Amino acid sequence: MSRIKSNLPRVLGTVAAVTLSAMVGGQAVAQEIAIGAVVPSSGPFAEWGRSNTVTLKMLEQQTNDAGGINGAKLKITILDDAAKPAQAASSLRKLAGDEKVLAVAGPLTSSAAEVTFPVANEMKVVSTSQASSKPGVAKLNRPWAFRNTIDEGVLAKTTVPFYKKAFNIKTVAVIFDAKDATASTVGKAIMPAVLKANDITIANENDLLSFNTGDLDVSAQVTKLKALNPDGVVVSADYSQAITVLREMKRQGLIKPVVGATQLISSAILKAAPEIPVIAPATFYATMKGPAPEKFTATLTPLLRKESGLPKDIEPSMYDANIYEIVSMYIDAIKKAGVTGKPADLEADRTKIRDHLAKLEGFAGLGGPIGFNDDGDAIKAFYVLQGQNGTWDTKVKGCSSAPNHPAC
Amino acid sequence: MLIQQLVNGLTLGAVYTLLALSFSLVMGILGILNLAIAELFMIGGYLGFTLIQAGFPLPVAVLGGMTGAAMIAIVIEKIGYQPLRDAPLVTPMLSTLGFSIILQNVATNIWGSDPAQLPDEYFGKQYTLGPVNIGEMQLIVLIATVVLVALVAFIVQKTPMGRALRAVAENREVARILGVSADRLTMLAFILSGSLAGVAGVLIALHYGTITPYLGVEIGLKAIAVMVIGGTRQIWGALVAGPLIGIAEVLTVAYGGSQVRDFVVYGFMILILLLRPQGLLGGARSDQGQRV
Amino acid sequence: MSTYYASLLAESGILLLGALSVYIILATGQLSLGNGAFMGIGAYLSSYLTVALNVPLTLALVISAIAAGIIGAIVAFPALRLKGIYLAMATVGFGEMVRSFFLNFDAMGGSGGYRGMQHISVGYVWLWAGGVLIAVMLLERSRVWLEMQAVHDDETAAGLIGLNTTVTKIVAFGVGAAVAAISGGLFAHHNVYIEPANFGFDRSIEFVLAVILGGSTVGPGSLVGSLLLVFLPEFLRPIADWRLAAFGTLLIVVLLVRRQGILDRSLIRTLTFRRAAA
């Protein structure tokens, strides 16, 4: 009797201690939450990669200063893919396999995404691209591939009607970058279809003009454009190539309004030929109004300008906003979906993040609410902008979802 | 439209001529392909841009671009070519490739990967003569090209230095026996070609008004094709082949399709290599290249 | 092994085949700067066979290799008249034309690329890569190789002593093209997506770099070069912004210090404790 009595407190104490530690251990999140990012910090898009890096470091700092995620510190590991598909894929393998991150932001280019998304599916980790807009890339790689961008086909359907009305466009001529997959698809397939649907004639329909990425001289093409005397010109190319076309248009006196895809959005293109109006869709631009984007721009711009290797007059770009939103969405998923961050739960955690993103609606992005559609592309607000005389002005607001979808 | 396209072709041709000439100065004399010339062109352009934006006049910008490129050419010669001059040809060529990678990285880090642009006040006047539109800068480029080619031809054909260069090109060993300092002349060839590439870079960058660190890549390969077509050892060949290919490209775009343009240029080059390897203006059979 | 290292090894294997394709042709004194084109032909053809026609992969690779080999031999005919740097430039032109062709070839995606291939394992890649490497090493001990070396060293003399230099050069080109095509087929099925930009001048130069850096006088040199070119950028990651410049510098340094490349016959002998022939 006395033995039981004397052992009881000890037994009870041990049981209590074990139970308590089990409860606490079960709820406690690991000390560090690891997220990965793949950006092109070297090579032809080095500027985008480097500004993305600054953006992510800012987000990491902000999150940790605010107490981290459920008490754990956020750690973002950023790897450079030099815009090369092979390096992007191996970066994802390293992040997911060796660094054991919960999710990956990136890669940036569609070429890299085409090769990396299948690997994301193989390794069962979420990969969200901040800039890829080549039609169908995420769609072919469900369920682990996402893109925080809107398919160019959807954007064109709002952009072109505005363009037609604003400048009374009846005929256009098309020129595109033949070496760039997104630009060629937009130039050869998407734009012509949307233009026709809006009763706009394509003056060079059977002989669409093209040039190659890296071409210095497009004088022959622009002379031909001029000879067609269109009301407007469709320039489907990345902004750094579009600049070459715009400057040549100005030099040859072809001052007509230009329309294109999100690839045109940048501050650089505003300097090319300020008197030529440029119409393009965007989900974010540096002078956007609203509490969230203004705060984002105000905090990020000084950090960007301080960074060595970036131009002194740099401003946050659409891709910086996109990658900021991507990692914010991951953080949101981690907080709300019961992600523990413990090594043993890695697979389950990654699946939770994926499922959270797939069902996401109304997440507070910088330009408005964000969700994802079944193709893995973003449902978010976008704006048709007119770039002229050095600034972008919002002209139309649109949303990339089906008409009655509550997401926007 | 045809005449305007011809003018376009001439300007494009001027670009090719200057670069092809830079390549051929080293190729003709040393037999190697200096792959870094395209990057010297690019760096020249950036230096010119920087000087113009700082307010200096055109001649200073040209001089700046030329000097900068020449200095880098000297470094390339000393480190990348000299120690390797008796190695099989592919080795110094790859060494110059190493330099071009370094230069691209340096340019990206200094000036950024986005296009650097001139404010458009620098376009200069546009002259309209009938159906044709030509810019002031364009005229400068065209005239400068002819002048530069003539200058190089004069140096190579009429001056003692030029004679020595040609002697080394003919036969290095014999030239040395005859008292020519082959090493110094090699350096000279590099400096000359580097300066030419630098000047070309400034002029052309100013004409097009925009520049990126990867400017040299596409243009470089085409310029090599032009060099082959004109004749790798023929200075005037570059002046003929450049506009020829420029106009061919432009007309292909205008009347054929933009897509087949590269086909035409490289196809032409291969035809010339097969049918008339000494080039359009070439004399001696120059397909007898050294063993690789 | 982590999938990261596995994929890097697979890439090295693919590059090894490309390097060997250049090495075989180089052994006869011809420098080809256009093998990226043959790689592209192999990639597109094998992908079409497996995706559209459901041909098993190994068979598809063999068919592509034969097809590319024939194209290579055809290309080699006109190339016979060209020497040295002129041949190299012609191959550059050929490479650009093929790349331009695929860019406009909308039936297989054009600039949009082609996808749908099944992913292959690193083991399968190395079955081919290792197999071809061993075949080359065996070839190096044969009489055929001696003939190739003779053509490389002095074509005129080789012709004078009765060697059929024409056949040697053409066969070398054809075999090189076939090996490059296998590299392309494996690339396509490892990456499960291909686009014309993968097979341009940059790729051709990469092959040449692997051979020259790794060792241009012995077959295993290509192995050293391929491993170097794939793994080095990964190890240089800490330098971030200056990665490419560091790579360029390394290239120059190796060429200056050891122009035959890292691996050569005497080094192999030292490593395998063999004495040089008396």
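This report describes a predicted model with chains A, B and C, covering its confidence, its interfaces and selected local features.

Because the model is predicted, local features need pLDDT of at least 70 and side-chain atom pairs count only at pLDDT 80 or more, while totals for chains, interfaces and linings use all residues. Residues are numbered from 1 along each chain as its sequence is written, chains are lettered from A and ligands numbered from 1 in the order in which they are written, and side-chain values use heavy atoms, with hydrogens and water left out.

## Confidence

The predictor's confidence in each residue is given as pLDDT, from 0 to 100. Chain A has a mean pLDDT of 86, and 91% of its residues reach 70 or more. Over residues 21–29 of chain A, however, the pLDDT is below 50, and this stretch has 6 contacts in the model beyond near neighbours in sequence; a contact means heavy atoms within 4.5 Å.

For chain B the mean pLDDT is 84, with 95% of the residues at 70 or more. Helices (H or I, at least four residues) and strands (E, at least two) are DSSP runs, numbered from the N terminus. Among these elements of chain B, helix α2 (residues 37–53) has the highest mean pLDDT (92) and strand β2 (residues 126–129) the lowest (76). Residues 286–292 of chain B stay under 50, and the model has 26 contacts for them beyond four places in sequence. Where pLDDT is low, the predicted coordinates should not be read in detail.

| Interface | Buried area | Share on carbon and sulfur atoms |
|---|---|---|
| Chain A and chain C | about 2200 Å² | 48% |
| Chain B and chain C | about 3900 Å² | 74% |

The contact between chain A and chain C takes 29 residues from chain A and 25 residues from chain C. A salt bridge is a side-chain nitrogen of Lys or Arg within 4 Å of a carboxyl oxygen of Asp or Glu. By this rule, 3 salt bridges cross the interface of chain A and chain C. A:D80 forms a salt bridge with C:R243, with 2.9 Å between the closest N and O atoms.

On the side of chain A that touches chain C, two or more residues each come from β2 (73–80), α3 (85–98), α4 (110–123) and α6 (181–197) of chain A. The largest share, 7 residues, is given by α3(A). This side divides into 9 nonpolar, 9 polar and 11 charged residues. Ala, Val, Leu, Ile, Met, Phe, Trp, Tyr, Cys and Pro count as nonpolar, Asp, Glu, Lys and Arg as charged, and the others, Gly among them, as polar.

C:R99 forms a salt bridge with B:D262, the closest N and O atoms lying 3.9 Å apart. Between chain B and chain C there are 4 residue pairs in polar contact, both at pLDDT 80 or more.

## Local features of chain A

Rings of Phe, Tyr and Trp (its six-membered ring) pair if their centres lie within 6.5 Å; planes under 30 degrees apart count as stacked, over 60 as edge-to-face and the rest as tilted. The whole structure holds 19 aromatic pairs over all chains. The ring centres of A:F146 and A:F372 are 5.0 Å apart and the planes stand at 65 degrees, so the pair is edge-to-face. Because A:F146 lies in strand β5 (residues 145–147) of chain A and A:F372 in strand β13 (residues 369–372) of chain A, the pair ties together parts that are 226 residues apart in sequence.

The peptide bond from A:G106 to A:P107 is cis, with omega near 0 degrees, and A:P107 is found in the loop between β3 (103–105) and α4 of chain A.

Key:
Buried area is the accessible area (1.4 Å probe) that two parts lose on being put together, summed over both. A polar contact is a pair of N or O atoms within 3.5 Å; within protein, one must be able to donate a hydrogen and the other to accept it, and residues adjacent in sequence count only if both atoms are side-chain atoms.
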